[in-house]
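Here are my notes on this model, as numbered points. Please read them alongside the coordinates.

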Amino acid sequence: MTKWKLCSAILALAIAFACVAANSAQAQSIPVVAVGSSALFPSGAIASVSNDPVRGTSTPLCGSRFWTGTASAIDARKSLTSPVIPDEGGNLWVAWDNDATPTVICAYLSVDTIVGQRLFFGLGSGSAGNATLSIPTSACTQATRGAKVAFVWETTPNLPVAVWNALQGGNSPNADCSGSTTSAPVHFNVAFTDVRPEDAQFIGNQRVLCNDANSSAFFPPDDKSCMGFGPGISSPGTAVVSSYSSASAQAVAYSFTGTDPISGTAIPASRVISLGAEPVLVFVNASGASSGDFGNLISTGKLTNVNSKTLSAMYTGQAFFTRDLVQGTTPGSIPQVFAHLLQREPMSGTYTVFEWQVIRQRDGFNANSQEAGILGPSQPGYTSACFVQSASAFPAVSCSNPLSFCVGSNCALRTRVIGTGQMVTTANTNSLSNTLGYAFWSLGSFGNKANIRYLTLDGVDPLFPSYSAHNGVFPGGVASQGTAAILAAPAAGQCGGYFNGDGGATVTSFTCNAYTLPTFDGVTSGSYRAWNELRAAYYGSADQTPSFSPLNIVGFIRGAQDQAAPAPTARIPDIFPAQYCANVACSSTVDPLQVFRSHYTIGGVTANNGQQGSGEAGGDVAGTILNAQTEIDAGLLGNSFTAWVQ
């Protein structure tokens, strides 16, 4: 897929230089400081510490050393609002080449897609730049491995002080990272995202922030064009809170072009590059064995597929029972069992994709929304902090935020989870049977999740040529995965080991036994409806040429795509790459993804599908799936398939 320029100006370029000039010495050795999508978090980690199977190199992109833990991002405009903008916590991985004197360091903080774009594009006053990465000193004394990325061996449980100093601009002389008298944390230089910047800002962030004082959660047609969590400019607004923990997500105003709405600083030119396609899976907790439970419906062969229109009805509070997902049964033959739907926070790229490709589909009722029937903070009757969240129990009362949607005394029919990890973990929890959820596919997210099964969507499998390949079952895991370097061989149906293994000399290499890895046939054929292209946004007025030594952002992206290249064999089974290197020098690329989504004009950005020799522009998350050849042929007559909405 092609790339495009969002904006350019001499002043903007000067600001882009100012964002990195204060730390130029570190920028040479820290080529990737990423923030954003949890969907790309595992794939990026695997690429950072792995050899390149396409270019045939033996040196990992970022080095052979690897650590995970938790950290925060500090919005550059934090002190410009009242109250201040809260720091945004998330999982962090760091890869580097040498503990004592690192020369290459890469880091990735996982947060919501739209939050990640806000942190990347939101600029402070003057030359303050964008958000910075804040790593606590406790990372340097962490006693156990963080285990934030499955199937990547963490070479150390604690972050070396030299690496911490480099990322924090510190000068600590101590192994516990104490005693630093300087602080100049690195700025983020790339945002990984599930949705294009236009969609993230205009149908994502602005929709969350704007206020509507309508007294009813349903206002026909219920498009929920305003969720009421604003204002987001003079103050950060209201956080969206998890129903199962204290986790939350914060919406704050930002812009990816023009000037920052809070600081007034001009935003520099940026580029967007496609990494590849990734499907959203629909899955259920199959642990329940009683009649009408999802587990019983699956074991008896009644439930293998879900109709997208039925999902739309259920996620808008118009259908409630497990049996509503079953097609072709005699009415009344399955007992009434309430389903418990898990939905993401609206700052999530996964939420946005599911909202516009499944819930709001044009061939159903496109005024539907996952927020239907849920009161926002600006609406009368809104309630908050109504119950104490538990990771192992459904809430028993009605509440707006944290969410618990009730019908009579039957509660938790729709609840909120924050992040892909919490979505999958909650759905897999034994005590939370009959849950229904959705998430972007990742082997690291779904591996060893024995209680959940994915379903085909409108009869199409998202991962394999046929559902019979594994019947919705995810691979099991081996004992001590993540805590021991040397592991037993996986049993049938299991995957184990590490992508950065050395064949078992010191670290067991990744392998699966009687479990084939995804080929994404439903996505590449254009038949599966719920998928999106994952992208990276970085500053610059021109496209970067990939460089591997020294490493730059596009070099890192090409390396990740090479890991997922379908030929000869994909090593990372998480994405279907939009491009990958065609030769050792990567002087040209192979472009295997030959479907795209129609683009539409939004937020003043004119649509361009990017298939006829010019760059992409406009939104596409709600676009119809089309073949690239069809668009190219249309161009012969001066036509383009823009504004075709799914």
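**Notes on the model**

Two bridges link strand 17 and strand 18 (residues 494-496), and the two run parallel. Helices (H or I, at least four residues) and strands (E, at least two) are DSSP runs, numbered from the N terminus.

1. Basis. This is a predicted model: local features need pLDDT of at least 70, side-chain atom pairs count only at pLDDT 80 or more, and totals for chains, interfaces and linings use all residues. Residues are numbered from 1 along each chain as its sequence is written, and side-chain values use heavy atoms, without hydrogens and water.

2. Two strands pair if DSSP finds at least two bridges between them. Gly476 sits opposite Gln494 of strand 18.

3. The largest nonpolar core. It holds 158 residues. A nonpolar core is a set of buried Ala, Val, Leu, Ile, Met, Phe, Trp, Tyr and Cys residues joined through side-chain atoms within 4.5 Å. Buried means under 20% relative accessible area, exposed over 50%, partly exposed in between (1.4 Å probe, protein chains only). Trp93, Val94, Phe192, Phe283 and Leu311 touch the most other members. Strand 10 (residues 270-285) gives the most, nine residues.

4. A second core. This separate set of six residues includes Trp153, Leu487, Tyr498 and Val507.

5. Ser445. This residue lies in helix 11 (residues 443-446). Ser445 counts as buried because its relative accessibility is 16%. Beyond neighbours within four places in sequence, Ser445 contacts (heavy atoms within 4.5 Å) Thr420 and Val424.
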